Amino acid sequence: MKKTASYILTFLIILSLGVGLLPNSTVQASQPKVAFWLTVLHNNDGESDLINLGRGLEDFGGAARFKTMVDRLKWDAVHGKPPVPSAPRSVVMVSSGDNFLAGPEFNASLEKGVPFYDSIAMDLIGYDAIALGNHDFDFGPDVLADFIQGFSVSKPPFLSVNLDFSAEPRLQELKNQKRIAASTTVKTPAGRVGIIGATTPMLPYISSPRNVRVNDMVAEAIMAEVRRLEAMKINKIILISHLQSITEDLSMVPYLSGIDIIIAGGGDEVLANPGQVLVPGDETRIFGSYPLWATDSSGVQVPVVTTAGSYSYVGRLVAGFDKAGNLVMIDESQSGPVRVAGGNQPDAVPPHPEVQSRVVEPLIEALNEMSMNVIGVSEVPLDGTRTNIRSRETNLGNLTADALRWQAAQLAGLYGVSVPQVALQNGGGIRNASVIPAGNITELTTFSILPFPNFVSIVEGISRDQFKQILENAVSRVEFGDGRFAQISGFRFTWDPAGTAQILDSNGNIVTVGSRVRDVFLDDGTQVVGDGSVIPGPDLTVATIDFLARGGDQYPFRGAAFTTVGVTYQQSLRNYIQSGLGGVITAAQYPEGGQGRITRLP
């Protein structure tokens, strides 16, 4: 059986050639016997950023340039300067998930219909395997099925070893057709290479998989698939995973064996080595070297890599294997993130003509139309930066929560439900990740802020005890930057980060009681919580989005009945600005820094 901890890697002089032994290797006088070189090209978290990186980085990224770069790297992997020592070569191209994302670009895809722009671009790029990430389920299983069916040329398998699709007919049919699988194999001159996919066990809480069942024993599921592939005499295995951060992958390696290379997704980390050219600004956020290393359960060193998302880099790992399928070398001179650049950059590549004409140009036209539709004006900059929106009150957070409560109040009578006193919007559902300057607010702006297919919903009969638990959930993981942090309307509250963080099980039941929420007051002055204790009184009616009402981000509504009022949260924001505010977001109503709705104790 392959992968014992005892094999000895050898070489002395090849560091000067830019080829590295695995860490902690014993150095001998002769170099390792590489029988096969495999170049793994990879990316992750493309997230529908198909045009370019934007925000002053228009010369970087974009699917059309990315396709050109991938084609060049594929050619170079097989026909370019060979690594040392010489051996047969091959190349694979993989994605580690979050292949599309809600927003104005994907809204244009939904209006266009199948095939979506993301499907066209990725189909033309040409992948050997694609992992399923959490955002791939954001619009539900049917839209994911549409996305997959839009691949008509390359038809790569979509992989996840820990998802069960049997209760979702369209996805199960794709699995029956082998368009979805736990793993796949790719033919090379040195035999088949196995590729296994894995998806975060947090999927039910952070996306909308509906009846897709998730096995949260990810390492065990991976190992079962490794054993199946090894029984097929496959001795080179890659894991493409979307576990939300490379830290998760590194921490899982000690529970694995038989995996040669791990390509992580979901964390947007930048891995780079000295001298490698990066997108401007990425120099300050390097997470670690390329690759990182972790020791598996057999004592074998495993390289773990990832790239920043948005088609900004093509990751390239050049790996040398011996005849037994053991990874014995990484060609450091050719491995690392390869920047995707255009314009007048010294490493610029031209956009691929077909991707440019079929994807980029129609998307630009669609976004231009949205940007011309002015729906209002803001007198004040609106703060939607990721760090702030997930940790503190901001004026944009207040605006979106107010829009939910206003829209719910407008429609409650039509649906025969109570007018809500309060509203909650999770910070993770606010996606513009920037400060929107004062000035015109367009339809495009509202899609950038609130891009998901979330519907305004009203939940009646929430007891005060349960409401406190809901708020405890909202502040339970602030230190981790979780999207569950709540932007609020109709009340104010105080919380203490020194208090105990609430912990829930998979059914929303309390495992550890939280004590962070100290005081809660409704806008009419009614006190709901005082000094951490619930004050008895009438139940509350809550306006929120259906994602949270269904238990997304672990919000403990626990199956409470809710009424969806037929308006998306993006539409509620547009309607509120136009009708509720008369087209003007004033500095008096929405001052910078917020209005004191959420107070964090020192």
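User: What makes the contact between the side chains of Arg-210 and Asp-142 a salt bridge?

Analyst: In this predicted model, the side chains of Arg-210 and Asp-142 meet with 3.2 Å from N to O. The cut-off asks for a side-chain nitrogen of Lys or Arg within 4 Å of a carboxyl oxygen of Asp or Glu. The pair Arg-210 and Asp-142 has 3.2 Å, so it is a salt bridge.

User: Which parts does this pair tie together?

Analyst: Arg-210 sits in the loop between H6 and strand S10 (213-214), while Asp-142 belongs to helix H4, so the pair links parts that are 68 residues apart in sequence.

User: How many salt bridges does the structure hold?

Analyst: There are 19 salt bridges in the structure.

User: Why is H2 called roughly perpendicular to H3?

Analyst: Happy to go through that one! Helix H2 (residues 104-112) packs with helix H3 (residues 117-125) at an angle of about 100 degrees, and their axes are 8 Å apart. Angles of 65 to 115 degrees count as roughly perpendicular. The angle of about 100 degrees falls in that range, so H2 is roughly perpendicular to H3.

User: Which residues of H2 and H3 meet?

Analyst: From H2 come Phe-106, Ala-108, Ser-109 and Lys-112, and they meet Tyr-117, Asp-118 and Ile-120 of H3. By class, the residues of this contact are 4 nonpolar, 1 polar and 2 charged.

User: What lines the largest cavity?

Analyst: The lining consists of Trp-37, Thr-39, Asp-76, Ala-77, Lys-81, Pro-83, Arg-89, Val-318 and Gln-334. Strand S2 (36-43) and helix H1 (63-79) each give at least two residues to the lining of the largest cavity.

User: Which element gives the largest share of the lining of the second largest pocket?

Analyst: That is H14, with 3 residues. The second largest pocket has a volume of about 650 Å³. Its lining has 33 residues, and Pro-204, Ser-207, Phe-547, Arg-550 and Gly-551 lie nearest its centre. Helix H4 (141-149), helix H6 (203-206) and helix H14 (546-549) are the elements giving two or more residues to this lining.

Methods:
Residues numbered from 1 in each chain as written. Predicted model: local features only at pLDDT ≥ 70, side-chain atom pairs only at ≥ 80, totals over all residues. Heavy atoms only, no water. 1 Å grid on protein atoms, 1.4 Å probe; cavity = no way out; pocket = protein on both sides within 12 Å on 5 of 7 lines; lining within 4 Å. Points joined across faces, edges and corners; volume = space filled by probe spheres on them. Helix = DSSP H or I, 4+ residues; strand = E, 2+ residues; numbered from the N terminus. Axes fitted to C-alpha atoms, helices over the stretch in contact; angles between N-to-C directions. Parallel < 35°, antiparallel > 145°, perpendicular 65-115°, else oblique. Contact = heavy atoms within 4.5 Å. Nonpolar A, V, L, I, M, F, W, Y, C, P; charged D, E, K, R; others polar.
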